[in-house]
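Here are my notes on this model. They begin with the pocket and then turn to the core and the hairpin.

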Amino acid sequence: MELIGFVENKQIPRHHYMSKSIAICAEPGNDRAAAMLSALNQALRTCNCKAVVRSVFECWSEYHFLLLLSRE
């Protein structure tokens, strides 16, 4: 997963929220990843933004652009 940038909530059209959802969690036992996701979640809530990321779900497959939303 690669962080591309940030977008303010008001700049995202409402119909973009209608696609499927994917939950992203740190792997069990990886404290550094858990701390990073926690800090990113808090920062997204604080600045009222969403994170734009590029991700590949399986090796050698196409990449997808995603919006990371903070957990309310």
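1. The largest pocket has a volume of about 1000 Å³. A pocket here is an open set of points on a 1 Å grid over the protein atoms alone, where a 1.4 Å probe fits, with protein on both sides within 12 Å along at least five of seven lines. Of the 29 lining residues (an atom within 4 Å of a point), Ile22, Ile24, Leu67, Leu68 and Leu69 are closest to the pocket's centre.

2. This is a predicted model: local features need pLDDT of at least 70 and side-chain atom pairs pLDDT 80 or more, while totals for chains, interfaces and linings use all residues. Numbering starts from 1 along each chain, and side-chain values use heavy atoms, without hydrogens or water.

3. Helix H1 (31-47) gives the largest share of the pocket lining, six residues. The lining divides into 19 nonpolar, eight polar and two charged residues.

4. The largest nonpolar core has seven residues: Leu40, Leu44, Cys49, Ala51, Val53, Leu66 and Leu68. Core members are buried and joined through side-chain atoms within 4.5 Å; buried means under 20% relative accessible area with a 1.4 Å probe. S2 supplies the largest share of this core, three residues.

5. Leucine 44 touches Phe6, Cys49, Lys50, Ala51, Leu68, Leu69 and Ser70, leaving out residues up to four places away in sequence. Contact means heavy atoms within 4.5 Å.

6. Strands S2 (residues 49-56) and S3 (residues 63-68) run antiparallel, joined by six bridges; pairing takes at least two DSSP bridges. Arginine 54 has phenylalanine 65 of S3 as its bridge partner. Six residues separate the two strands of this hairpin, and tryptophan 60 in the turn has a positive phi of about 70°.

Key. Helix = DSSP H or I, 4+ residues; strand = E, 2+ residues; numbered from the N terminus. Points joined across faces, edges and corners; volume = space filled by probe spheres on them. Nonpolar A, V, L, I, M, F, W, Y, C, P; charged D, E, K, R; others polar. Buried < 20%, exposed > 50% of the residue type's maximum accessible area, 1.4 Å probe, protein only.
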